[in-house]
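I opened this notebook to record what I looked up in the structure.

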Amino acid sequence: MKTKKDNRVAHERGHPLRSLGRALTLLWGLIWALFGLLSGLGEGMDVVGTVVHVTVPGLIFLATALLAWRYEKLGAAVLLAEGCIVAISYPLVFRAMSASTVIFVLLTMALPPLIAGLLFLLDWRKFHEAAA
């Protein structure tokens, strides 16, 4: 019979859902941080402008990835909230953008945190059901 300690040890070794969620959030955050950095440099911004360009959204996304890495349930909630905020607000705020641009942004900014949030939540739930 497995004890709670056995379940925790198995959980710490990593489950596929959690590992996939971690990889997705890190990749997503790194891509947006790099995009912000390169955009800021490419547009000839000063240091402050480039830092702001990187911070929003790249470093915020990376911070969320690290939060989800340590606290799955809280990280899942934040990822789901970020994904929903982008999915709802972007089409409303940028109505003048073409449909293809809106779809691209939704696929690259909203979908990854929604998927990762679900992966973290499913892994957290699976672990807690196994421990019960």
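I began with Glu 72 and Arg 18, which are both buried (under 20% relative accessible area with a 1.4 Å probe, protein chains only; exposed is over 50%, partly exposed in between). Their side chains meet in a salt bridge of 3.5 Å, N to O (a side-chain nitrogen of Lys or Arg within 4 Å of a carboxyl oxygen of Asp or Glu). This pair links distant parts of the chain, 54 residues apart, with Glu 72 in helix α4 and Arg 18 in helix α2 (helices are DSSP runs of H or I, at least four residues, numbered from the N terminus).

I noted that the model is predicted: local features need pLDDT of at least 70, side-chain atom pairs count only at pLDDT 80 or more, and totals for chains, interfaces and linings use all residues. Residues are numbered from 1 along each chain as its sequence is written, and side-chain values use heavy atoms, without hydrogens and water.

I then counted the salt bridges and found two. Arg 125 and Glu 129 also meet in one, at 3.2 Å, N to O, and both of these residues are exposed. They are four residues apart in helix α5 (residues 99–131), so about one helical turn separates them.

Which side chain of opposite charge is nearest to Glu 82? It is Arg 22, 15 Å away; Glu 82 is buried yet has no salt bridge (Lys and Arg count as positive, Asp and Glu as negative; His and the chain ends are not counted). I found Glu 82 in helix α4, its side chain joined to that of Thr 64 by a polar contact of 2.6 Å (a pair of N or O atoms within 3.5 Å; within protein, one must be able to donate a hydrogen and the other to accept it, and residues adjacent in sequence count only if both atoms are side-chain atoms).

Notes:
Helix = DSSP H or I, 4+ residues; strand = E, 2+ residues; numbered from the N terminus.
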